[in-house]
Amino acid sequence: MDLKIAVLAGDGIGPEISEQGVAVMTAVCEKFGHQVTYQYAICGADAIDKVGDPFPEDTFKACMEADAVLFSAVGDPKFDNDPTAKVRPEQGLLAMRKKLGLYANVRPVETFECLIHKSPLKDELVRGADFICIRELTGGMYFGEKYQDDEKAYDTNFYSRAEIERILRVGYAYAQRRRKHLTVVDKANVLASSRLWRQVAKEMATEYPDVQTDFMYVDNAAMRMIQDPRFFDVMVTENTFGDILTDEGSCISGSMGLLPSASTGEHTPVFEPIHGSWPQAKGLNIANPLAQILSVAMLFEYFNLEAEGKLIREAVNASLDANVRTPEIQVEGGAKYGTKEVGAWIVDYIKKK
Ligand code: IPM
Ligand code: MG
């Protein structure tokens with residue numbers, strides 16, 4: 001297969017993990033005889049510094065012309081502490097999601113047996129937890145009408161029936177391929193937008209009699225996720241709730257550095273870790289590249305290249321078993337491995353396979 005990949009490394013630890021993702025991608029393509037080409041493009045704070053726009057037109061073009069985007073992270077503290085900043089790196093990420101029509105963000109939450117103890121939750125609670133959060137990504141408060149002056153401010157949580165329906169269909173499709181259990185997470189006891197979600201979901205549930213549909217308020221879901229994470233199979237929720245719940249989900253796996261995601265919709269799909277740019281770690285070679293590398297596995301699987309994805313997952317598991325791990329998940333007294341070393345070990349494993 002010919003694969004044209006747009007690589008958007010972004011800010012902070014972005015370039016370091018991106019390099020490892022690309023190396024793994026190249027190794028897998030060589031192994032399986034795929035032709036891969038990379039188009040590098042700027043985004044985030046890097047692009048603001050260079051051209052004054054966090055998602056420049058050239059970058060959009062590179063994304064549109066690619067088969068898939070391998071994205072890393074955006075964000076820089078120099079913007080966080082300046083409420084008057086006119087343009088922010090995160091706007092680049094949001095512009096990319098909106099312009100590519102990426103309404104479905106798929107975030108799997110899994111556990112790795114050898115990392116169970118890294119979760120702040122009890123072992124017996126998290127062992128076997130395995131669910132997917134389908135986060136609506138181009139609607140809700142992130143994109144609804146906004147207003148801000150010195151006295152008042154608001155964000156509008158707008159959702160149309162069509163937006164709700166298409167994301168629920170993605171949720172149902174995943175549930176049908178998995179354990180056939182879909183949990184719609186909302187706040188229908190308070191929010192009108194949530195009540196429409198619930199209404200549409202109830203109508204659609206009759207079309208999917210093989211799937212058990214249930215409804216849960218988001219506050220309750222936040223509790224249930226850490227009290228009984230194995231309850232969930234597929235959860236589907238709006239943009240803001242999904243943002244919050246998936247950070248919580250990373251505590252089940254044990255590290256933010258382990259969770260990949262896929263954003264799909266109308267145009268080129270984007271594969272990215274769920275974590276941010278961790279500016280404090282920039283250039284220190286300590287960031288975990290696994291979320292990025294697992295995003296590459298999701299990329300292959302998106303194109304139905306199952307064996308390719310499987311090999312990456314196998315290599316990642318092997319690296320964990322061999323204690324080739326970045327500091328935040330390394331065993332006590334274990335050898336020191338950085339971003340580069342973990343990536344190189346995985347590339348080597350793939351080549352030797
Ligand atoms: C995420 C991130 C982004 C979001 C930020 C960086 C804008 O937290 O992908 O979860 O809020 O969507
Ligand atoms: Mg987030």
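The protein chain splits into domain 1 (1–100 + 268–353) and domain 2 (103–265), with bounds from an automatic or database domain assignment. The model is predicted: local features need pLDDT of at least 70, side-chain atom pairs count only at pLDDT 80 or more, and totals for chains, interfaces and linings use all residues. Residues are numbered from 1 along each chain as its sequence is written, and side-chain values use heavy atoms, without hydrogens and water.

Taken over C-alpha atoms, the centres of domain 1 and domain 2 lie 23 Å apart. Contacts (heavy atoms within 4.5 Å) link 26 residues of domain 1 with 25 residues of domain 2. The two domains bury about 2,200 Å² between them, 65% of it on carbon and sulfur atoms. Buried area is the accessible area (1.4 Å probe) that two parts lose on being put together, summed over both. On the domain 1 side, Arg97, Ile274 and Met298 lose the most area to domain 2, together 32% of what that side buries.

Helix 12 (residues 306–321) and helix 13 (residues 339–352) approach within 9 Å, axis to axis, and cross at roughly 125°. Helices are DSSP runs (H or I, at least four residues), numbered from the N terminus. Axes are lines fitted to C-alpha atoms over the stretch in contact, and angles run from 0 to 180 degrees between N-to-C directions. Helix 12 and helix 13 are therefore oblique to each other; angles under 35 degrees count as roughly parallel, over 145 as roughly antiparallel, 65 to 115 as roughly perpendicular and the rest as oblique.

Leu311, Ile312, Glu314, Ala315, Val316, Ala318 and Ser319 of helix 12 meet Trp345, Ile346, Tyr349 and Ile350 of helix 13.

Terms used. Chains are lettered from A and ligands numbered from 1 in the order in which they are written. Helices (H or I, at least four residues) and strands (E, at least two) are DSSP runs, numbered from the N terminus.
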